[in-house]
Amino acid sequence: MTTLYLFGSAAPPVFELAEVIEDAQARGWDVCLGLTPTAARWLGEQLSELERLTGHPVRSEYKRPREPDVWPPADAILFAPATFNTVNAWALGLTSSFVVGVVAEGIGKRIPTVTMPCVNAAYVQHPAFDRSVETLRGAGVTVLYGPGGFVPNQPGQRRPEGFPWHLALDAVGDS
């Protein structure tokens, strides 16, 4: 079985991760779940169930030096939902959060990586966002943003069709 690192940051679709994990497992992935610290707080009451579902500890913090890694090596990484902050930090190489550190290092390790932002139409007007998307694409990350990926919604609104998880899982399966 191949290992998928599924990472999520604090955007509303993070509450759908149990279903996404089940879908990924049905596609043959051994899933390890990592979260930004805020996403971990949001899912606090669900973390033990998510650990049971994956069979691995849910991680949101770096391990200490010399501690063994509790996850198998990744064959692929899917980072979704990826917030405005996450996308920009990753593109700049700011690795203060565990999951951003892993994906930043994953570029150098050439681990196939897919991300799908979850940002609203106001955030994407900031000039840093388009630069960050292009930086990540230039580094070999598949960024599902725009037509055929995530299209931003207006602030405070959710997309009527929901977050397009199937596109993200299809893309990571193709990587």
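A crossing of two helices is called left-handed if the near helix is turned anticlockwise from the far one by less than a right angle, and right-handed if it is turned clockwise. Before I use that, some bookkeeping. This is a predicted model, in which local features need pLDDT of at least 70 and side-chain atom pairs count only at pLDDT 80 or more, while totals for chains, interfaces and linings use all residues. Residues are numbered from 1 along each chain as its sequence is written, and side-chain values use heavy atoms, with hydrogens and water left out. Helices (H or I, at least four residues) and strands (E, at least two) are DSSP runs, numbered from the N terminus.

Now the helix pairs. Two packed helices are described by the angle between their axes and the distance between the axes. The axes are lines fitted to C-alpha atoms, for helices over the stretch in contact, and the angles run from 0 to 180 degrees between N-to-C directions. Angles under 35 degrees count as roughly parallel, over 145 as roughly antiparallel, 65 to 115 as roughly perpendicular, and the rest as oblique.

Take helix α4, residues 84-92, and helix α5, residues 98-109: they pack at about 40° with their axes 9 Å apart. They are therefore oblique to each other, and α4 passes α5 in a right-handed crossing. On the α4 side, Thr 86, Ala 89 and Trp 90 meet Val 100, Val 103, Ala 104 and Ile 107 of α5; contact here means heavy atoms within 4.5 Å. By class, this contact of α4 with α5 has six nonpolar residues, one polar and no charged. For those classes, Ala, Val, Leu, Ile, Met, Phe, Trp, Tyr, Cys and Pro count as nonpolar, Asp, Glu, Lys and Arg as charged, and the others, Gly among them, as polar.

Helix α4 also packs on helix α6, residues 127-138, at an angle of about 55° and with the axes 9 Å apart. This pair, α4 and α6, is therefore oblique too, but here α4 passes in a left-handed crossing. The residues from α4 include Phe 84, Val 87 and Trp 90, and those from α6 include Phe 129, Val 133 and Leu 136. The contact of α4 with α6 divides into eight nonpolar, three polar and no charged residues.

What does Trp 90 touch, leaving aside its neighbours within four places in sequence? Its contacts are Phe 79, Val 100, Val 103, Ala 104, Ile 107, Thr 113, Thr 115, Leu 136 and Val 141. Trp 90 has a relative accessible area of 3% and is buried, a word that means under 20%, with exposed over 50% and partly exposed in between (1.4 Å probe, protein chains only).

Another buried residue is Ala 39, at 0% relative accessibility, in helix α2, residues 37-42. Beyond four places in sequence, Ala 39 touches Gly 8, Ser 9, Ala 10 and Val 14.

Last, helix α7, residues 165-174. Its buried residues are Trp 165, Ala 168, Leu 169, Ala 171 and Val 172. Seen down the axis of α7, they fall within an arc of 160°, so they line one face of the helix; the arc is that of the directions from the helix axis to the C-beta atoms. These buried residues pack against β1, α1, β2, β3 and β4.
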